[in-house]
Amino acid sequence: MERRNFIGILGTAAVAAPVLGSAFAACSSESKKKIFTGHEFPNLPYAYDALEPIIDAKTMELHYDKHYRGYFEKFMAAAKETDAAASPMEEVFAKITQYDAAIRNNGGGYYNHSLFWENMSPEKTAISSALEKALAENFGSVDKFKETFATAAKTHFGSGWAWLAAGSDGKLFVTSTANQDNPLMNDSPKQGKPILALDVWEHAYYLKYQNRRPEYVDQFWNIVNWEEVSRRYDNV
Ligand code: MN
């Protein structure tokens, strides 16, 4: 009887520990962030046509409902037998080299797009004075930052992402990554916490802009959600 109880408790503890562990880590590193309760497929925070004419409704629908959903579902299938299923993505990326390519590519696709949807808005939003000051310190001015970011997005070869991120020293930097990689990955050449993400895969712009990626990048500034971007900066 005693022995059975003991095994029962151990069994429970063994299952619960990884979940509690990751929730605690997420909570202690970013106190404002909600506690991790499992991966979910987020709602798009606006209608498919909300970012017209800069991002057309058809592109948004295909991008969200086909590409993004595909990454999420494939990530969930690949994560099922690993601790990635019960870990916040930040923790998965911190040891991404330990996982297989399906988790890297689809986990990146799931996470990167979640940031991307949220850092765009149909509303006119204002940058915080803290982020404005930080961009001026790191790049010279907000306009200089935009130029640096846009150049990274326009010149990135092939599929990938442009990023504004904060390094562990608190300094802001611009970089681009291939495929669905991001600066949180432990083998990323430049590592940091993402603040602003721009998808430069052709599926993000080809229906409307065809081969004119620079035009898509320049138009992006009209739909940046500076409120969300400023909030991320506050949390790094
Ligand atoms: Mn995409």
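Here are some numbered notes on the model above, starting with how to read it.

1. Please keep in mind that this is a predicted model: local features need pLDDT of at least 70, side-chain atom pairs count only at pLDDT 80 or more, and totals for chains, interfaces and linings use all residues. Residues are numbered from 1 along each chain as its sequence is written, and side-chain values use heavy atoms, with hydrogens and water left out.

2. Let's begin with the metal. H63 (NE2), H113 (NE2), D199 (OD) and H203 (NE2) coordinate the manganese ion at 2.0 to 2.1 Å. Donors here are N, O and S atoms within 2.8 Å of the metal (3.2 Å for Na, K and Ca), and since water is not among the atoms, sites may look incomplete. Along the chain the donors follow the spacing H-x49-H-x85-D-x3-H. H113 sits in helix 4 and D199 in strand 3, so this pair ties together parts that are 86 residues apart in sequence. Helices (H or I, at least four residues) and strands (E, at least two) are DSSP runs, numbered from the N terminus.

3. Three strands form an open sheet in the order 2-1-3, with antiparallel pairing; two strands pair if DSSP finds at least two bridges between them. Strand 2 (172–178) and strand 3 (193–199) are the edge strands, each pairing on one side only. On average, neighbouring strands of this sheet are turned by 25 degrees against each other, direction ignored. Strand 1 (residues 160–166) is joined to strand 2 by seven bridges, and A166 stands opposite L172 in strand 2.

4. Helix 9 (residues 226–235) lies across strand 2 and strand 3, and runs at about 150 degrees to strand 3. For such angles, axes are lines fitted to C-alpha atoms (for helices over the stretch in contact), and the values run from 0 to 180 degrees between N-to-C directions.

5. W201 is worth a look in the viewer. This tryptophan lies in the loop between strand 3 and helix 7 (206–209). Leaving aside neighbours within four places in sequence, W201 is in contact (heavy atoms within 4.5 Å) with Y71, S159, G160, W161, N179 and Q180. The C-alpha atoms of W201 and W161 are separated by 7.4 Å, although the two are 40 residues apart along the chain.

6. Two backbone details deserve a check. Most residues other than glycine have a negative phi, and most peptide bonds are trans. N179, in the loop between strand 2 and strand 3, has a positive phi of about 55 degrees although it is not a glycine. The peptide bond from E52 to P53 is cis, with omega near 0 degrees, and P53 is found in the loop between helix 1 (2–29) and helix 2 (57–79).
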